[in-house]
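Colleague: Can we go through this model together? I would like to start with the terms.

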Amino acid sequence: MAMLDIIAHKRDGCTPSTTEIHEFITVVVNHTIPDYQTAALLMAIYLKRMTTQEQTTLTKEMMESGDRLDLSAIPGFKADLTEAAFINQVQKIGLAIVGATGTVAPADKEIYALRDVTATVGSIPLIASSIMSKKIASGTDALVIDVKTGAGAFMQTEADARKLAKALVSIGQQAGLQCMAVISDMNQPLGNKVGNTLEIEETLDALKGQGPADLMELVNTLGAQMLVLGHQAPDLVTARKRLEAALTSGRALAKFQEMIEAQGGDGRVVEDYSLMPHAKHHLTYRAKQSGVVTKLLADEIGQAAMVLGGGRQKADDALNYGVGIELLKKLGDSVKKGEALLIIHHDQTGLDAATALLDDAIELGETAGAPTLIHETIN
């Protein structure tokens, strides 16, 4: 089948057949199509969009372009281990946190690289198919999706977040998954800490029931939905009670420690945070005037942590796990001139650039309410 015909078919607003979509994914994975033709079809999809059935077919073909793990009854998937080690660990202790392998939905990797340079990243059908192909290929049979909206999110408007959430849920359900989505706010960072070690510390605090209020609310919201979809609780009220019991009893923390040790880590970090890397220097960032926090941009605060060394600006950059930003105030909080707004954990590298980003990320005004964390659920 001529790729040119498939491109023209979509360009003209027609619905490509299952055979055409299969052919497209096959030639992408086999590298038997020039990049400019892949880019042309991506732009046609971007401009003409896709029907729900097209999205589902594209997702299925991307999913089947590589390995598909069989994890029926396995509670979760993330991969840094080999597939065999991952499955063995999940079977043994019930969970693992690992990174995705290159053989899961390889078509997505090829397509994503071109989306990034052809101004088609914002296409909801392509975003949805990219996300769901990997989720389905990972072997899951029930999925709760957290779709962010706000200044720090990819989908900055609630309307766009809703479109994406509905597309994701529709694809999941048509693929036979139990699937739902929660639209949550990202106008400010979730929790109080941004950075590698800092976020692990906050995770451990949360597992002890001592996490920030917004983080705990989101965890309980998503967790309750997961328990219901996984048939571990009959309703959301019962599910929340089970989550609270797991935290207060210490079972959640103990299971996390068991997982760390199973993957070769030092389980003592759950109580002794000093075993993790930390920055050598701490700079208090103070309010330049009195007022109420009216802006606290998550994306610029994340960039500040990155330029300190907490993220990669180039693929071969080494990470500094100890640096980051610790928030002392959130949206709607009152602050006096000279009062501490946040703490910069740094090793001197990138400090001026990070401070400049924080200057842009934070504003103080007269009044501001705390944002609504959970905007909507999509079933």
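Modeller: Buried means under 20% relative accessible area, exposed means over 50%, and partly exposed is in between, with a 1.4 Å probe and protein chains only. This is a predicted model, in which local features need pLDDT of at least 70 and side-chain atom pairs count only at pLDDT 80 or more, while totals for chains, interfaces and linings use all residues. Residues are numbered from 1 along each chain as its sequence is written, and side-chain values use heavy atoms, with hydrogens and water left out.

Colleague: Is cysteine 179 buried or exposed?

Modeller: Cysteine 179 is buried, at a relative accessible area of 5%. Cysteine 14 is partly exposed, at 31%.

Colleague: How many disulfides are there in the whole structure?

Modeller: Zero, from a search of the whole structure. A disulfide here is a pair of cysteine sulfur atoms within 2.5 Å.

Colleague: Different topic. Which residues of α2 are buried?

Modeller: Glu20, Ile21, Phe24, Ile25, Val27 and Val28. Down the axis of α2, these buried residues fall within an arc of 165°, so they line one face of the helix. The arc is taken from the directions from the helix axis to the C-beta atoms. Helices (H or I, at least four residues) and strands (E, at least two) are DSSP runs, numbered from the N terminus.

Colleague: What comes just after α2?

Modeller: Histidine 31, with a positive phi of about 55°. Most residues other than glycine have a negative phi.

Colleague: Where is histidine 231, and is it buried or exposed?

Modeller: Histidine 231 sits in the loop between α10 (213-229) and α11 (236-248). It is exposed, at 61% relative accessibility, and has a positive phi of about 60°.

Colleague: And glutamine 348, where is that?

Modeller: In the loop between β8 (340-346) and α14 (351-361). Glutamine 348 has a positive phi of about 80° and counts as exposed at 56% relative accessibility.

Colleague: Now the inside. Which residues line the largest cavity?

Modeller: Ile6, Lys10, Pro16, Ile21, Phe24, Leu41, Ile45, Met50 and Leu58. A cavity is a set of points on a 1 Å grid over the protein atoms alone where a 1.4 Å probe fits but cannot get out, and lining residues have an atom within 4 Å of a point.

Colleague: Which helices supply at least two residues each?

Modeller: α1 (3-11), α2 and α3 (35-48).

Notes. On a 1 Å grid over the protein atoms alone, a cavity is a set of points where a 1.4 Å probe fits but cannot get out, and a pocket is an open set with protein on both sides within 12 Å along at least five of seven lines; lining residues have an atom within 4 Å of a point.
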